[in-house]
Amino acid sequence: MNMNRRAFLKTTGAGLMASAFPLSLVKIAFGGQAPAQDFTFGYISDAHLQQIQGNEFVRNWDMGLIRAVREANLLTPRPDFFMFGGDLAQLGKKEELDHGLEIMSNLRGKVHYVIGEHDYYLDLGEYWQSKIGPLWYSFDHKGVHFVTLNSILTYDSWIHKKWPSPMDRMLAMARLDNPNGSPFMVGEEQLTWLKKDLEKVNRSTPVVLFSHSPIQKIFKPWNFWTEDAERVQALLKPFEKATVIYGHVHQIEYNQIGNITFHAVMATAWPWPYPESYSQTASCLPKLTVPMNRADPFFERDATGWQFIDVRKGKVGMHYQLPDNKNRSVLFNSKAGKPQDVNYQDYGSRIPPQTHY
Amino acid sequence: MKTTARYFKGTFRTGIIAATFAACVAFAAPVGLPPVPVPTDNLITPEKVKLGDKLFHDTRFSSTEEVSCATCHDRKKGFADSLPVSEGIKSLKGTRNAPTVINSAYLRTQFWDGREPTLESQSAQPFLNPVEMGLKDHEPILKIVRTDPEYAELFKNVFGKTGDQITMVEVQKALATFQRTLIGGNSPFDRYYFEGEKEAMSPAAIRGLDIYIGQGRCVSCHLIEQTQALFTDNRFHMIGVSANQMPQDLDELLAAVEDVKKKGTDIAVLSNPKTSSLGRYAVTRDLTDIGAFKTPTLRNIELTAPYMHDGSHKTLEEVVRFYNNGGRLNETDPLPELLSGGIRPLNLTEKQQADLVEFLKALTSPQFVQK
Amino acid sequence: MRKNRKLPGVSFVILMASVLLAISFSIQAGDFTQEDLERWDKEFMTVVMKGEKLFHSALGTNKVSCDQCHPNAANTHPETYPKFQQQIGRVVSLFEMVNWCIQNPLEGDPLPADDPKMAALLSYMTYERRGVPLAPGKH
């Protein structure tokens with residue numbers, strides 16, 4: 001990609017370009033499929049718009065989504081499309097979802113949506129499906145196969161327990177550290193669907209999977225977890241270039257498991273601490289991850305943000321837009337076969353805000 | 001203020017060690033401030049200060065021979081100029097409010113957008129700006145300092161240089177050194193907070209201090225710390241001032257950036273209000289910096305009205321009201337979408353706002369008050 | 001001891017004094033039993049549980065609760081207090097920062113330092129951080 005096409009008109013692209021890493025040769029796909037092109041899409045996630053009463057919403061979270069949309073509209077050249085990564089609402093209420101869709105309507109570009117648990121558990125996705133779209137689907141774009149899953153389902157027995165009210169079920173899932181929570185999963189129906197869907201896809205076609213939960217097992221107490229992660233990973237294993245992009249964790253995370261690259265997206269609403277900062281339970285944060293800067297709570301947008309994602313030769317480069325902070329870029333290093341932060345991957349290059357958890 | 005002139009008898013030639021020691025002793029910080037940072041290659045001496053003072057006030061360094069640094073940084077006006085935006089040669093208006101020079105030695109960058117890193121490098125820019133001194137290059141300055149006999153003597157004593165050996169480097173060093181001596185601490189607040197003088201501030205100002213640290217949320221950017229108070233965090237924040245003048249869409253943003261690229265930052269930002277509104281973004285091209293300006297110190301703020309980067313706020317009351325409404329003068333104005341996360345409505349009562357203003361008035365250093 | 005009218009009174013006092021003296025030699029001031037420890041621990045845990053409830057409830061005016069940013073009170077770092085708190089401009093104890101959070105992100109009113117609610121919140125936060133060595137002053 002030409003340096004001058006760098007978003008936000010930076011004329012010195014110091015450290016931003018993937019050209020810093022040697023690139024593998026483009027593989028021509030067979031079967032008459034066009035090779036994957038390079039392009040960019042935007043990703044906004046975890047808005048958590050929270051109703052106080054009537055038309056009054058928590059100003060802090062509103063400002064997060066509003067800012068992300070505004071900045072995304074200033075991205076140039078325009079990205080091909082946008083994803084919304086889930087948790088548009090805080091408690092799944094119609095008012096919250098409508099409020100979110102109203103703000104998102106200002107975004108210039110097509111938006112595809114991923115559902116999050118905060119959107120789902122009040123009415124089990126009914127309003128979402130009527131106003132937004134299906135809970136899982138796939139589409140192709142410029143030679144890349146995109147799949148979206150509803151990965152925040154859980155055991156039927158938990159969903160269909162005798163809850164005093166649907167809101168009680170929603171509140172139980174909304175509480176991140178709920179000791180009586182239930183682990184996220186994709187479930188049999190979608191696993192069957194995914195298998196069929198991927199059967200039609202050429203093994204050399206890049207595949208990008210959008211999910212709210214991590215499709216990994218990182219930290220069960222906070223549901224940084226997908227119970228059937230291995231089964232989804234197994235379905236992605238045959239592909240030369242597979243990437244999973246997930247929300248829910250409200251922090252920078254990235255990992256490489258075999259052939260699959262994993263990237264978390266930032267929340268526009270608020271950050272979550274890294275699991276290692278809960279001292280009573282061990283956590284499995286990917287070693288690869290260079291943490292985001294620890295937030296200063298005075299600056300309400302600190303440790304929040306959104307991202308634009310470059311697809312280059314079928315792998316992704318994450319460009320995190322972090323208000324009140326220096327932006328971060330995590331690109332795929334094809335020589336090393338894993339994602340790397342452009343500035344801070346080396347332990348010696350880390351700065352105090354990244355190590356002060 | 002203790003100046004070297006009173007305490008240091010000697011010249012640069014007495015030796016680096018003596019000079020350093022004297023500098024440290026002579027510039028022991030006033031109450032409430034840390035020691036002044038002095039670069040090792042530009043130590044302070046009384047002769048150098050005198051030279052810098054002379055250069056600072058010399059109107060010959062402008063195309064009309066009417067404008068000097070002191071035109072916009074007037075000792076009688078808190079080393080600012082009491083105008084919303086400064087006026088240079090032929091009363092040409094710029095786009096930005098003159099910051100005070102007092103305590104600028106403590107700033108990590110200079111100018112509202114931090115485009116120059118030091119006092120030395122900043123001092124060379126206004127000479128070349130069409131709406132400030134209007135010179136095409138620095139040659140007229142060098143001609144004067146190389147030939148004027150008073151300057152010749154001073155440059156010889158201070159730098160050991162004569163004639164063509166004198167360059168802008170020496171001029172900038174002298175100007176910076178003079179500015180480095182303009183330090184103001186020891187305000188009523190300092191005496192109250194750091195010296196325990198209970199009577200130093202009025203009851204209203206004391207209440208105002210409480211609000212400043214608490215509900216007012218001022219202390220996070222306009223720092224007061226345990227043993228010192230710089231009243232600035234040296235960072236850049238978009239607080240919503242004149243947000244409606246910022247580029248409203250991508251096309252306008254692209255045009256403003258073109259302006260900066262074509263004319264250079266210094267000239268572009270002072271010639272076009274829309275370009276000026278980019279703030280720190282013009283320097284870093286980082287969207288987190290759009291519309292962001294450097295936190296100025298609040299010391300001596302009573303002396304340097306009007307306020308904000310474009311002088312759009314006439315009084316301290318207006319400023320406090322602006323913050324109280326969460327980054328807008330009127331509650332009914334729209335909230336800027338790219339606002340810094342630190343700015344939000346404060347819900348201060350009228351009385352609390354008045355007390356806060358009283359506190360701000362307690363930050364004046366006595367030596368800068370004009371009787 | 002020979003009985004007469006006065007003697008039972010005096011002797012009773014002497015007897016009681018002896019008994020008390022004897023008792024006082026076997027239970028020292030500040031002595032406590034395993035039972036005491038368990039009871040006091042339970043007392044503490046009731047306050048921890050109260051704190052857990054408060055921590056997960058809206059303490060301010062905008063429906064936001066502490067656990068939204070601090071699941072399991074993570075990233076509150078009680079072991080680093082007192083410390084220089086950037087947001088307040090001076091060295092403070094944990095309760096002052098809790099109040100800062102109640103006033104700022106939660107848009108509520110601060111609690112007095114000795115409020116039972118504050119004691120409960122502090123107990124919960126510290127309990128969730130048990131075992132971590134003290135690091136006062138750490139940013």
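Predicted model: local features only at pLDDT ≥ 70, side-chain atom pairs only at ≥ 80, totals over all residues.
The contacts between chains are considered first. Between chain A and chain B, 24 residues of chain A are in contact with 15 residues of chain B. On the chain A side, helix H1 (residues 59-73) supplies the largest share, namely seven residues. The composition of that side of chain A is nine nonpolar, six polar and nine charged residues. Chain A also touches chain C, in a contact that takes 21 residues from chain A and 22 residues from chain C. Here the side of chain A that touches chain C has twelve nonpolar, six polar and three charged residues.

Within chain A, an open sheet of seven strands is arranged in the order E5-E4-E1-E14-E15-E16-E17, and its pairing is mixed. Strand E5 (111-113) and strand E17 (338-341) of chain A form the edges, each pairing on one side only. On average, neighbouring strands of this sheet are turned by 25° against each other, direction ignored. The loop between H1 and E4 of chain A holds Pro77(A). The peptide bond that leads from Thr76(A) to Pro77(A) is cis, with omega near -5°.

Strand E11 (residues 242-246) of chain A is mostly covered, with five of its five residues buried. In a regular strand, side chains alternate between the two faces of the sheet. In E11(A), Ala242(A), Val244(A) and Tyr246(A) point one way, whereas Thr243(A) and Ile245(A) point the other way, and all are buried. E11(A) is joined by five bridges to strand E8 (residues 207-211) of chain A, and the two run parallel. Five bridges likewise join E11(A) to strand E13 (residues 260-264) of chain A, again in parallel. Ile245(A) takes part in both pairings: in E11(A), Ile245(A) is the bridge partner of Phe210(A), and in E13(A), the partner of Ile245(A) is His263(A).

Chain B provides several examples of helix packing and burial. In helix H7 (residues 149-159) of chain B, the residues Leu154(B), Phe155(B), Val158(B) and Phe159(B) are buried. Seen down the axis of H7(B), the buried residues fall within an arc of 95°, so they line one face of the helix. An α-helix has 3.6 residues a turn, so residues three or four places apart point the same way. The cover over the buried residues of H7(B) includes helix H3 (46-56), helix H6 (139-147) and helix H8 (168-180) of chain B. Of these, H3(B) is itself mostly covered, since eight of its eleven residues are buried. The buried residues of H3(B) are Pro46(B), Glu47(B), Lys48(B), Val49(B), Leu51(B), Gly52(B), Leu55(B) and Phe56(B). After H7(B) comes Gly160(B), whose phi is positive, near 65°.

A further pair of helices in chain B is formed by helix H10 (residues 203-213) and helix H16 (residues 350-361), which pack at an angle of about 100° with their axes 7 Å apart. This angle makes H10(B) roughly perpendicular to H16(B). From H10(B), the residues Ala204(B), Ala205(B), Arg207(B), Gly208(B), Leu209(B), Ile211(B) and Tyr212(B) meet Gln352(B), Asp355(B), Leu356(B), Glu358(B) and Phe359(B) in H16(B). By class, the contact of H10(B) with H16(B) comprises seven nonpolar, two polar and three charged residues.

Backbone geometry in the loops remains to be described. Most residues other than glycine have a negative phi, and most peptide bonds are trans. Ser91(B), which is not a glycine, has a positive phi of about 55° and is found in the loop between helix H4 (69-72) and helix H5 (119-123) of chain B. Ser91(B) is exposed, with 9 other C-beta atoms within 10 Å. In chain C, Ala73(C) likewise has a positive phi, near 55°, but Ala73(C) is buried, with 25 other C-beta atoms within 10 Å. Ala73(C) is found in the loop between H2 and E1 of chain C. The loop between helix H2 (34-55) and strand E1 (83-85) of chain C also holds Pro82(C), and the peptide bond from Tyr81(C) to Pro82(C) is cis, with omega near -5°.

Technical notes. Residues numbered from 1 in each chain as written. Chains lettered and ligands numbered in written order. Contact = placed C-beta atoms within 7 Å. Helix = DSSP H or I, 4+ residues; strand = E, 2+ residues; numbered from the N terminus. Nonpolar A, V, L, I, M, F, W, Y, C, P; charged D, E, K, R; others polar. Axes fitted to C-alpha atoms, helices over the stretch in contact; angles between N-to-C directions. Parallel < 35°, antiparallel > 145°, perpendicular 65-115°, else oblique. Buried ≥ 20, exposed ≤ 12 C-beta atoms within 10 Å, placed from the backbone. Pairing = 2+ DSSP bridges. Arc of directions from axis to C-beta.
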